Amino acid sequence: MAFLQYYQFSLLLLFFFFFSFPLSQPMSIHDLLKSKGLPAGLLPKEVKSYNFSSNGLLEVFLNGPCLTKFDTMAFYESYVKANLTYGCLTGVHGLSQEELFVWLPVKGISVDDPNSGLIILDIGLAHKQLSLSLFEDPPHCKPDGILKKEHEEGQRFEAQR
């Protein structure tokens with residue numbers, strides 16, 4: 001009889017603990033980047049979901065291909081993948097940056113020294129140093145095709161990929 005009471009008490013305690021603590025929310029992609037020493041703004045707000053495996057493979061799914069602007073135009077495919085380690089994305093696929101009217105694939109991104117305030121983009125032909133402040137906040141990404149921006153004079157220009 002004492003065993004049965006102990007068993008019921010144990011179940012009641014287990015039930016209490018299970019339902020008294022909120023289930024943890026999955027980490028957002030932007031929080032994951034920050035936890036790995038990278039700025040949250042490397043990926044746009046329009047990330048639909050992501051997978052991060054124990055071997056470091058990061059797969060990011062966006063609502064669709066899109067354009068945004070950092071120092072120059074950047075194009076995200078609807079699927080972006082890379083190997084994520086602390087302070088570094090290597091083997092990047094699905095991200096391109098416009099340089100002098102040519103779209104170049106971004107192959108890697110790293111923050112070697114966070115105190116330097118610099119981020120390094122490997123665009124194949126060169127390594128480009130940019131200010132980390134450009135990547136503090138996740139940008140809005142416009143659907144593939146046209147990104148319009150107002151000039152000071154009120155004229156519009158369009159960037160097309």
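A salt bridge is a side-chain nitrogen of Lys or Arg within 4 Å of a carboxyl oxygen of Asp or Glu. Keep that in mind for today's structure, which holds three salt bridges.

First, some ground rules. This is a predicted model, where local features need pLDDT of at least 70, side-chain atom pairs count only at pLDDT 80 or more, and totals for chains, interfaces and linings use all residues. Residues are numbered from 1 along each chain as its sequence is written, and side-chain values use heavy atoms, with hydrogens and water left out.

Now, confidence. pLDDT is the predictor's confidence in each residue, from 0 to 100. The protein chain has a mean pLDDT of 81, and 73% of its residues reach 70 or more. Over residues 10–23, though, pLDDT is below 50, and this stretch has zero contacts (heavy atoms within 4.5 Å) beyond near neighbours in sequence. Residues 147–159 also stay under 50, but the model has 23 contacts for them beyond four places in sequence. Where pLDDT is low, predicted coordinates should not be read in detail.

On to the bridges. Start with aspartate 31 and lysine 34, whose side chains meet at 3.8 Å, N to O. Both lie in helix H2, residues 29–35, three residues apart, about one turn of the helix. Helices here (H or I, at least four residues) and strands (E, at least two) are DSSP runs, numbered from the N terminus. Aspartate 31 is partly exposed, at 38% relative accessible area. The scale is this: buried means under 20%, exposed over 50%, partly exposed in between, with a 1.4 Å probe and protein chains only.

Next, lysine 128. Which residue does lysine 128 bridge to with closest N and O atoms 2.8 Å apart? That residue is aspartate 71. Lysine 128 lies in strand E9 (127–131) and aspartate 71 in the loop between strands E3 (66–69) and E4 (73–85), so the pair ties together parts 57 residues apart in sequence. Lysine 128 is buried at 14%; aspartate 71 is partly exposed at 27%.

Then there is glutamate 99. Its side chain meets that of lysine 128 in a salt bridge of 2.2 Å, N to O. Glutamate 99 is in strand E5 and lysine 128 in strand E9, so this pair ties together parts 29 residues apart in sequence. Strand E5 covers residues 88–99. Glutamate 99 is buried, at 19%. Leaving out residues up to four places away, glutamate 99 touches Thr72, Leu104, Ile123 and Lys128.
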